[in-house]
Amino acid sequence: MNLFKLSIANLRFSALASFFNVVILALGIATIITLLHISEQVEQRFERDLAGIDLVVGAKGSPIQLILSSVFHLDFPNGNIPLDEAKKLEANPLIKSAIPIALGDNYNGFRIVGTTADYISHYDGKLAVGALYSAQMEAVVGSIVAEKNHLKPGDKIVGAHGLVNSDDMHTDFPYNVVGVLAPTGTVLDRLVLTPVESVWHVHEHPDPDDPEEVAYKKAHPEKEITALLVTYKTPMAAVVLPRMIDKTSSMEAASPAFETARLIKLLGFGSDTVELFAVVLIVIAAVGFFVTLWSAVNDRCYDIVLMRCLGATRSKIFAVVLTEGIMLGSLGTLLGLLLGHVFSCAAARWIEATRHMTLNAVGFHPYEFYVVLIALAISVMAAILPGVMAYRVNVAKILSKGS
Amino acid sequence: MLNVSEMTLGYDGTQVLRFGGLELAEGGQCLITGASGSGKTTLLYAIAGLIPVMQGKITVGGVDITEFSESERDHFRGKYIGMIFQTLHLVKSLSVLDNLLLASYVAGLSQERKRALDLLKKLGLHNKKDDTPDCLSQGQAQRVAIARAVLHRPALILADEPTSSLDDAACETVIDLIKEVAEETNATLVISTHDSRLKSHFTKVIKLGQAA
């Protein structure tokens, strides 16, 4: 007989209530850990995709939309910007590099991006097989694109107009796949990359049946790109460039870091929300513990009296109740950790499948340590009041009442 | 061995009992009787150190327990006193054997598993050692409780109405058993009861009057 054996026996005696409370705490902790993992992964993923891009210059419109479309390749672009205006900007001495991107078509739902080889090297993209494109209508495909469509160098692919799957195929302008990229864990994996000239070439001749397209071509006879991804040469640029672009050109400048932070906040992926959620769930579990232990102490009033008569001090009785609380807490926390990691992996898979975002939710989040610590601390706190009640049981009164 | 001076007892500052005094030698046996409300149970709990004494002294084996703090009294009770009750026998969540060992554990004594098993065997409960108290009859549970009370060979055994809920035959068995185990370890025995059937078993009987 020892403290743990006694506590386990007591917990087993009220097995159902103990079990439910352990499950509630476990679910709370699992949810928090999943949220921590996923929000961190999403933020890290955004960060990787930002990859040090300081400024995105595109057509006027919503800055979030500009970032989403040109950096994360999730939304539709605001519009296009004239090439000569973009070229003028590139020459600005405050700019270290400016990578042009031209959007417009997709291949089986994967975006075809007209850009320079700098774009690939910006994301540390390495060729798995084949070579980089060197001529118009040659294409390099990202690892996921290649995997899903079984592409290899030498294949021909046909783009469809628009950024989502459509029937409007550019059958007259097939691309030659010349290379496949190794996985990078960035947006690069989901793109088809080709020189900007290819995009121009495909769209040079507007569909005569589409009056909108014809009218657009007539109004914008000059060459266009969708956006320019800018890296600053000096921090000074952050102060000068965005304002200058917004004021003096037909283009708009958006800071990806700022807009992404705003987006994360809007989506509620922020740490504040996670923290609040965490507190609510753990408090619910703590209340459950409290109620279980409280009613257990009430139910076991006579057991407590008996133990006191056998020579147990008040402190020993208190220790028994506290140990039960700690055991419930540890069990719930352990189960929560396990479930949390299972949930995280499942959620990452689901996001990967439905949101076109590869996440890696394996491993420990540094905050997990604090979650465990807080959960245990709260279990102990929830056990203290029932423990005090057990501590204060009036043996003589209960004995004279009972017999 | 047990020496109770003239004393007053009570709960929360209200006097319940004025007691004339009691002296018992080692191995001595005594019955405290009286109508319900006469304070015999209160007296027993005071000797057990479960309630503080308002005035007077209680010495067990030469030690005045009224000078002890509450936790010192708990330790003392665990070590030197065995208690038996009318209905309060066993902890429901533990097996019969663990109920015996629990007594040693909470008293901070070494857990003599072999002696516990021997005692159970002697009381014919050896085959019940792994059962929960729910599986026992009232009489069996009481026998386990008696075994537990003498497990660590206490100098003093206190029994509170040990036979009141039993029929005549069981009453005989239980009182004989209690006396037997007490005599085996030469323990002093004090029983508080209103059960007049016990009177014939004891030479020393103290009758308490109505509560003051």
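## A chat about strands, helices and cores

Q: How do strand β5 (residues 29-33) of chain B and β12(B) pair, and over how many bridges?
A: β5 and β12 of chain B pair in the parallel sense, over three bridges. Pairing needs at least two DSSP bridges between two strands. Strands (E, at least two residues) and helices (H or I, at least four) are DSSP runs, numbered from the N terminus.

Q: Before we go on, what kind of model is this?
A: This is a predicted model, in which local features need pLDDT of at least 70 and side-chain atom pairs count only at pLDDT 80 or more, while totals for chains, interfaces and linings use all residues. Residues are numbered from 1 along each chain as its sequence is written, and chains are lettered from A and ligands numbered from 1 in the order in which they are written.

Q: OK, back to β12(B). What stands opposite L31(B) there?
A: V205(B) is the residue opposite L31(B) in β12(B). In that strand, I206(B) is the bridge partner of I32(B).

Q: And which strand do four bridges join to β5(B)?
A: Strand β11 (residues 188-192) of chain B is joined to β5(B) by four bridges, and the two run parallel. In β11(B), L31(B) has I191(B) opposite.

Q: What's the order of the open sheet in chain B?
A: The order of its five strands is β9-β10-β11-β5-β12 (chain B), with parallel pairing. β9 (81-84) and β12 (205-207) of chain B are at the edges with a single partner strand each, so one side of each has no neighbour in the sheet.

Q: New topic: which residues touch the most other members of the largest nonpolar core?
A: I157(B) and L158(B) do, in a core of 109 residues. Helix α2 (residues 15-50) of chain A contributes the most to this core, giving 11 residues. Apart from it there is another core of 53 residues, among them V71(A), F110(A), I225(A) and A254(A). A nonpolar core joins buried Ala, Val, Leu, Ile, Met, Phe, Trp, Tyr and Cys residues through C-beta atoms within 7 Å.

Q: What is L158(B) in contact with, leaving aside neighbours within four places in sequence?
A: With those set aside, L158(B) is in contact with L44(B), I47(B), A48(B), I81(B), M83(B) and V190(B). Contact needs C-beta atoms, placed from the backbone, within 7 Å.

Q: How far does α2(A) reach?
A: From its first C-alpha to its last, α2(A) reaches 51 Å with 36 residues, close to the 52 Å expected at 1.5 Å a residue. Just after α2(A), A51(A) has a positive phi of about 40°.

Q: How many residues does each chain bring to the contact between A and B?
A: Chain A brings 25 residues and chain B brings 30 residues. On the chain A side, α1 (3-13), α12 (301-309), α13 (314-355) and α15 (395-402) each supply at least two residues. α12(A) gives the most to that side, with seven residues.

Notes: Buried ≥ 20, exposed ≤ 12 C-beta atoms within 10 Å, placed from the backbone. Contact = placed C-beta atoms within 7 Å. Expected span 1.5 Å × (residues − 1).
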